[in-house]
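Open the structure in your viewer and keep the selection tool ready. This tour tells you what to pick next and what is there.

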Amino acid sequence: MSARRKRDTGPPSTGPGERDMLVGFLDYLRAAVAAKAEGVPETQARTAGVPSGTNLLGLIKHLTYVERHWLLGHDVADWQATFHPTPDDAADTILATYRETITEANTKIAFWDDLTEPGPRPARPGRPRPSRRWTLAHLIEETARHAGHADILRELIDGTTGR
């Protein structure tokens, strides 16, 4: 394993508005997650790096479902299953689907003028939908958490660190 150290990039530049700032940070994290799987041989990207079974492709597949649920209003029946790529899930397809989902989500978000309005997550009986502001903050938190996991997994695979 040869260690490759990339220079870390600083926080993103964003527009002046709240929505622009939130989406700017989310996009920064999305790109970091996707970059961690680029150039990794498919077998290694599927291989669990820790006893829980977490692997790079599973993280990206899961984040695709997270984006679809919270930002596009899709329901998810089994969250645990979203962490596990099937044998038919090719690495290139998982990454392309993640990027397509991000593009679709950003298109919807671009029309969010009022961040206090409920977000698009499917309604739950007896539970109000969280605001769009909360939804974006949650997506930043969720994506950052999994970006950290992806950092560790990539370093375990080939020693590559940094963004």
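**Stop one: aspartate 158**

Select aspartate 158: its relative accessibility is 14%, so this residue counts as buried (under 20% relative accessible area; over 50% is exposed and in between is partly exposed, with a 1.4 Å probe and protein chains only). The model is predicted: local features need pLDDT of at least 70, side-chain atom pairs count only at pLDDT 80 or more, and totals for chains, interfaces and linings use all residues. Residues are numbered from 1 along each chain as its sequence is written, and side-chain values use heavy atoms, leaving out hydrogens and water.

Aspartate 158 sits in helix H5, residues 132–158 (helices are DSSP runs of H or I, at least four residues, numbered from the N terminus).

**Stop two: H1 beside H5**

Show H1 with H5. Their axes come within 9 Å and cross at roughly 25° (axes are lines fitted to C-alpha atoms over the stretch in contact; angles run from 0 to 180 degrees between N-to-C directions). H1 is therefore roughly parallel to H5 (under 35 degrees; over 145 is roughly antiparallel). Among the residues that meet are Phe25 and Leu29 in H1, and Ile140 and Ala147 in H5 (contact means heavy atoms within 4.5 Å). The residues of this contact of H1 with H5 divide into 14 nonpolar, two polar and six charged (Ala, Val, Leu, Ile, Met, Phe, Trp, Tyr, Cys and Pro are nonpolar; Asp, Glu, Lys and Arg are charged; the others, Gly among them, are polar).

**Stop three: H1 beside H3**

Keep H1, residues 18–37, and bring in H3, residues 56–72. The two pack at about 150°, with axes 9 Å apart. That makes H1 roughly antiparallel to H3. Leu26, Arg30 and Val33 of H1 are among the contact residues, as are Ile60, Leu63 and Glu67 of H3.

**Stop four: glutamate 67**

Zoom in on glutamate 67, in helix H3. Is glutamate 67 buried or exposed? It is buried, with a relative accessible area of 1%. Its contacts, not counting residues up to four places away in sequence, include Tyr98, Thr101 and Leu139. Finally, pick arginine 121. The C-alpha atoms of glutamate 67 and arginine 121 are separated by 9.7 Å, and the residues are 54 apart along the chain.

Conventions:
Angles under 35 degrees count as roughly parallel, over 145 as roughly antiparallel, 65 to 115 as roughly perpendicular and the rest as oblique.
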